[in-house]
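Please read this note with the structure open beside it. The points follow the strands and how they pair.

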Amino acid sequence: MDEWIDIAAVEDCPPGTSIERVAGERMVALANVEGQLHAIDGLCPHQGGPLGTGMLCGAVLTCPWHGWQFDVTTGRHRYSATVRQQVYDVRVEAGRVLVRQAATGAGEPQV
Ligand code: FES
């Protein structure tokens with residue numbers, strides 16, 4: 001996923017919320033932390049829960065299935081240094097949110 005992919009309108013993800021979207025063949029969790037958009041792999045590495053539909057508190061996104069928590073700014077699990085979600089670059093263009101795999105991000109999800 002090297003190219004930018006349009007996944008949402010900016011107003012689809014207001015501050016303090018997260019949403020689930022498809023980017024190519026990947027699920028992406030898009031989160032708005034105080035007006036700053038962040039995107040991480042949306043498939044929870046625990047058992048595949050939909051991270052984007054979880055609860056966002058600050059920069060911490062909680063999986064709705066069993067409560068694993070991730071920092072959406074880094075993709076890192078809140079308590080385990082070895083669990084990390086892929087991070088996507090995010091940009092806004094003409095009111096649309098575009099994402100692409102971050103060149104310096106986490107790479108493939110690590111469990
Ligand atoms: S599937 Fe996400 S915490 Fe279990």
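1. Strand β8 (residues 87-93) is joined to β4 by 2 bridges, and the two strands run antiparallel. One place to look is I40, which stands opposite V87 in β8. Keep in mind that this is a predicted model.

2. Where do the residues of β4 lie, buried or exposed? Of the 6 residues in β4, 5 are buried, so the strand is largely enclosed by the rest of the structure. Buried here means under 20% relative accessible area.

3. β4 (residues 36-41) also pairs with β3, in the antiparallel sense and over 6 bridges. Two of the residue partners can be followed by name. A29 has I40 of β4 as its bridge partner, and V28 has D41 of β4.

4. The hairpin of β3 and β4 has 2 residues between the strands. In this hairpin E34 takes a positive phi, near 50 degrees.

5. How many of the residues of β3 are buried? For this strand (residues 26-33) the count is 6 of 8, so β3 is largely enclosed by the rest of the structure.

6. β3 pairs with strand β2 (residues 18-23) as well, again over 6 bridges and in the antiparallel sense. Here R21 stands opposite V28 in β3.

7. Which residue takes a positive phi in the hairpin of β2 and β3? It is G24, with a value near 65 degrees, and this hairpin has 2 residues between the strands.

8. Another part of the model to check is an open sheet of 3 strands, in the order β5-β6-β7, with antiparallel pairing. β5 (55-57) and β7 (69-71) stand at the edges and have a single partner strand each, so one side of each is left without a neighbour in the sheet. From one strand to the next, the twist averages 25 degrees.

9. Within this sheet, β5 and strand β6 (residues 60-62) pair over 3 bridges in the antiparallel sense. What is the bridge partner of C57 in β6? The partner is V60.

Key: Residues numbered from 1 in each chain as written. Predicted model: local features only at pLDDT ≥ 70, side-chain atom pairs only at ≥ 80, totals over all residues. Heavy atoms only, no water. Pairing = 2+ DSSP bridges. Helix = DSSP H or I, 4+ residues; strand = E, 2+ residues; numbered from the N terminus. Axes fitted to C-alpha atoms, helices over the stretch in contact; angles between N-to-C directions. Buried < 20%, exposed > 50% of the residue type's maximum accessible area, 1.4 Å probe, protein only.
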